[in-house]
Amino acid sequence: MQEFSVTAPAPDAGAAPDAGAAPDAGAAARDWDGATYDRVADQMTRWGGSVLARLPLRGDETVLDAGCGSGRVTAQLLERLPGGRVIALDGSPSMIATARARLAPHGDRVSYVVADLGAPLPLAPASVDAVLSTATFHWVRDHDALFAGLAAVLRPGGRLVAQCGGEGNIASVRRAIADLGWTWEGPWTFASPVDTAVRLARAGFTAIETWLNAEPTPLEAGAPLREYLATVVLGAHTERLPDEERAAFVDAVAAALPEPAIDYVRLNILATRA
Ligand SMILES: C[S@@+](CC[C@H](N)C(=O)[O-])C[C@H]1O[C@@H](n2cnc3c(N)ncnc32)[C@H](O)[C@@H]1O
């Protein structure tokens, strides 16, 4: 078995210094590669469009895109808001830079915030009419803190419409990582619909609906699969490795998958701020 010399994560990552050690409950957002994500995020963009279709809008609201990434779903959201505004929030400066470039034609209808969704948000209380979030919540360790933060900025009666990785997500990738000797379970919270509904109610949401759907996603074997894994799935793992071992780790995970595909399971969320 190939061995990898797991090191302490970057100082601001807030995680334990040993990949097999304590959970990183306080892990802050980390930076991503916004330009590469923008290029490979076709699947997330498609899912995002379906999730957005669940958000009723008049067209003049202020909507928070919580984890906007490179802004591809945000652009679809702006089309639904000809007289409205979007707050594009993300923890990654690189993602925000890419989103800013993509969304520049929308001018001051978009404001950009680099912030951690696992902490109280730097937005005024009850200042947004709705929250959209796609492919993001599973990167936030503490969902109680996440939902409390969103509830604080959402006006009473405002909708939360979201989708993220849920219980059972990317099981074959996680198995491949474990088979390489990693005991760290990763940065993710892949929550169940029931746990999520309980947490949302506790945070002050009502009219809650949560459910899972499987989204097995085939990818082109070889370099495209490796690039996708490195950019979209394994970033929190590779940042624990010395630079010279990162590519070999991604190659090893790709090689250990039963097929060139990601067995995604999505957690869907609809809720209203009480
Ligand atoms: C897979 S991307 C999804 C981006 C976009 N919503 C989409 O569907 O294409 C996940 C995003 O979540 C952001 N993210 C992860 N953890 C975060 C946190 N704790 N706070 C804020 N953003 C976070 C990442 O920076 C990244 O842009």
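Helix 7 (residues 193–203) has its buried residues covered by, among others, helix 5, strand 6 (205–218) and strand 7, where contact means C-beta atoms, placed from the backbone, within 7 Å. Helices (H or I, at least four residues) and strands (E, at least two) are DSSP runs, numbered from the N terminus. This is a predicted model, in which local features need pLDDT of at least 70 and side-chain atom pairs count only at pLDDT 80 or more, while totals for chains, interfaces and linings use all residues. Residue numbers start from 1 along each chain as its sequence is written.

The buried set in helix 7 is Thr-196, Arg-199, Leu-200 and Ala-203. Here buried means 20 or more other C-beta atoms within 10 Å of a residue's own, exposed means 12 or fewer, and partly exposed is in between, with C-beta atoms placed from the backbone. These four cover an arc of only 100° around the axis, so they sit on the same side of helix 7; the arc is taken from the directions from the helix axis to the C-beta atoms. An α-helix has 3.6 residues a turn, so residues three or four places apart point the same way. Over on the other side of helix 7, Val-194 and Arg-202 are exposed. Just after the helix comes Gly-204, with a positive phi of about 105°.

Helix 2 (42–52) buries Met-44, Trp-47, Gly-48, Val-51 and Leu-52. Their arc is only 135° around the axis, which puts them on the same side of helix 2. They pack against helix 3, strand 4, strand 5 and strand 7, while Asp-42 and Ser-50 are exposed on the face turned away.

Strand 5 (residues 154–165) has nine of its 12 residues buried, so it is largely enclosed by the rest of the structure. With strand 4 (residues 128–134) it pairs in the parallel sense over six bridges, pairing requiring at least two DSSP bridges. Val-128 stands opposite Leu-154 in that pair. Strand 5 is also joined to strand 7 (residues 261–273), running antiparallel, by seven bridges, and here Cys-164 faces Leu-267.

Then there is the ligand, with 24 residues around it; the closest are Ala-29, Gly-69, Gly-91, Ser-92 and Trp-139. Helix 2 and helix 3 (72–79) are the elements giving two or more residues to this shell, and helix 2 has the largest share, three residues. By type, the shell divides into 12 nonpolar, nine polar and three charged residues. Ala, Val, Leu, Ile, Met, Phe, Trp, Tyr, Cys and Pro count as nonpolar, Asp, Glu, Lys and Arg as charged, and the others, Gly among them, as polar. A residue counts as near a molecule if its C-beta atom, placed from the backbone, lies within 6 Å of it.

Notes: Two residues are in contact if their C-beta atoms, placed from the backbone, lie within 7 Å.
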